[in-house]
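User: I would like to go through this model with you, beginning with the salt bridges. Could you set out the terms as we go?

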Amino acid sequence: MNSDIKIQMVDLTGQYERIKEEIDPAMERVVGGGRYINGPEVGRFANAMENYLGVNHVIPCGNGTDALQAALMALDLKPGDEVISSAFSFIASVEAVVLLGLKPVLVDINPDTFNIDPQAFRKAVTNRTKAVIPVHLFGQGAAMNEIMQIAKEHNLYVIEDAAQSLGAQYLMNGKPQKLGTIGHIGCTSFFPTKNLGCYGDGGACFTNDDQLAQKLRMVVNHGARKKYFNERVGMNSRLDTIQAAILEVKLKYLDEYISRRQWAADIYFRELKDVSFLTLPYVDKEAGHSFNQFTVKVNNGKREELKQYLKECGIPSMVYYPSPLHHQPVFAPFCPPDLSLPVSEEASRQVLSLPMHTELTEDEIIYISQKIKAFS
Ligand SMILES: *Cc1c(COP(=O)(O)O)cnc(C)c1O
């Protein structure tokens, strides 16, 4: 491999360079137009996103964490109500639950998909349970057919955390549907490294329910439908006009970006299939993997050694996530002291995410794979 190729975990500027001709004038229009907050680009982007997702309402907001908070607020839950989610995720998936005085109930994951185990979810339901937050981790859909069925039986709200899976197609009862549009509310993030990333912070909620949409719009706007008439406690959470302008350009390329990630994943699969100390990502045929991350399990107990060795070869890698949520000090008070979620705990010990982005080349993936194959 050419020695001046530098392998990156993500390559945001490389992706920008390819669409610079469209992005720069879009940003200049915002800067020159002066409507930095709630400018026309915000509504236009929300409409374009509604069309893309096939959903009735897209409510833009400040970031993915805010989207999850706004979703929970819009459900008008009571302190102490229980919200179930999986223990293997980014902190934000469950943070707002605690912030709002609700009770997080963490359950284990499926060892193949890293997503919430539907049977564990079913077992955790009590008469205080009001909602479940399935996270479509690393870009692959959680088992939504089963989750929606269980939620329906127990009259629970479903908030999808689609921060890593935006644009992925899920086969819902055999019919393709975009992740984030299946539950009552879907939440996503436009953090730069997500499937559709802006150049700062951004997020959105999706829903097909008109009443929830109205509540979400109020919640993100100081609890007001009309200016200076505040009906409830809300947040100040907006997508900046300049980010909306960037996203309006990039949304046209989202499917291409996802195909590119899937193409890169296919090369990893081809190159790494015989490596005995790795468990490669499991791809659920129903769940449409968008490969926001390509996450393997290092099953010989040498994850840290492999990570260090790759670093010495000039190959970055990341551990998402080194600790399951029930071991985070912040959630400990909400978990039984002896809570054991062995699949999540094992995942935290074994996972390693390899470089994955839209600019990765076949040569780079072959180089990464060769180095991995030489590790023992
Ligand atoms: C990125 C992410 C979030 C939060 O998004 P931000 O925009 O960074 O607030 C929430 N959940 C998951 C699974 C994420 O990956």
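Analyst: One term first: a residue is buried under 20% relative accessible area, exposed over 50% and partly exposed in between, using a 1.4 Å probe and protein chains only. This is a predicted model, in which local features need pLDDT of at least 70 and side-chain atom pairs count only at pLDDT 80 or more, while totals for chains, interfaces and linings use all residues. Residues are numbered from 1 along each chain as its sequence is written, and side-chain values use heavy atoms, with hydrogens and water left out.

User: How many salt bridges are there?

Analyst: There are 15 salt bridges, each defined as a side-chain nitrogen of Lys or Arg within 4 Å of a carboxyl oxygen of Asp or Glu.

User: What are the N to O distance and the accessibility for Arg-225 and Glu-231?

Analyst: Their side chains form a salt bridge with an N to O distance of 2.5 Å. Arg-225 is partly exposed at 48% relative accessibility, and Glu-231 is partly exposed with a relative accessible area of 36%.

User: Which residue does Glu-256 pair with, and where do the two lie?

Analyst: Glu-256 meets Arg-18 in a salt bridge at 3.9 Å, N to O. Glu-256 belongs to helix 9 (residues 254-272) and Arg-18 to helix 1 (residues 12-33), so the pair ties together parts 238 residues apart in sequence. Helices (H or I, at least four residues) and strands (E, at least two) are DSSP runs, numbered from the N terminus. Glu-256 has a relative accessible area of 42% and is partly exposed; Arg-18, at 47%, is partly exposed.

User: And what about Asp-76?

Analyst: Asp-76 forms a salt bridge with Arg-232, the closest N and O atoms being 3.1 Å apart. This pair links distant parts of the chain, 156 residues apart: Asp-76 sits in the loop between helix 3 and strand 2 (82-86), and Arg-232 in the loop between strand 11 (229-230) and helix 8 (241-251). Asp-76 is partly exposed at 34%, as is Arg-232 at 23%.

User: Changing topic, which residues have the most contacts inside the largest nonpolar core?

Analyst: Phe-88, Tyr-268, Leu-278, Leu-306, Leu-354 and Ile-372 do, in a core of 38 residues. A nonpolar core is a set of buried Ala, Val, Leu, Ile, Met, Phe, Trp, Tyr and Cys residues joined through side-chain atoms within 4.5 Å. Helix 9 gives the largest share, five residues.

User: Where does this core lie relative to the domains?

Analyst: Domain 1 (13-252) and domain 2 (255-374) both contribute residues, so the core lies between them. The domain bounds come from an automatic or database domain assignment.

User: What does Leu-354 touch?

Analyst: Not counting residues up to four places away in sequence, Leu-354 is in contact (heavy atoms within 4.5 Å) with Met-9, Tyr-268, Leu-272, Phe-294, Val-296, Leu-310 and Ile-372. There is also a second, separate core of 34 residues, which includes Ile-59, Cys-61, Ala-67 and Cys-187.

User: Is Ala-71 buried or exposed, and what does it contact?

Analyst: Ala-71, in helix 3 (residues 64-74), is buried at 0% relative accessibility. Beyond its neighbours within four places in sequence, Ala-71 contacts Ile-159, Ile-185, Cys-187, Cys-205 and Leu-216.

User: Finally, which residues does Ser-369 touch?

Analyst: Ser-369 touches Tyr-268, Glu-271 and Leu-272, leaving out residues up to four places away in sequence. Ser-369 is found in helix 12 and is buried at 0% relative accessibility.
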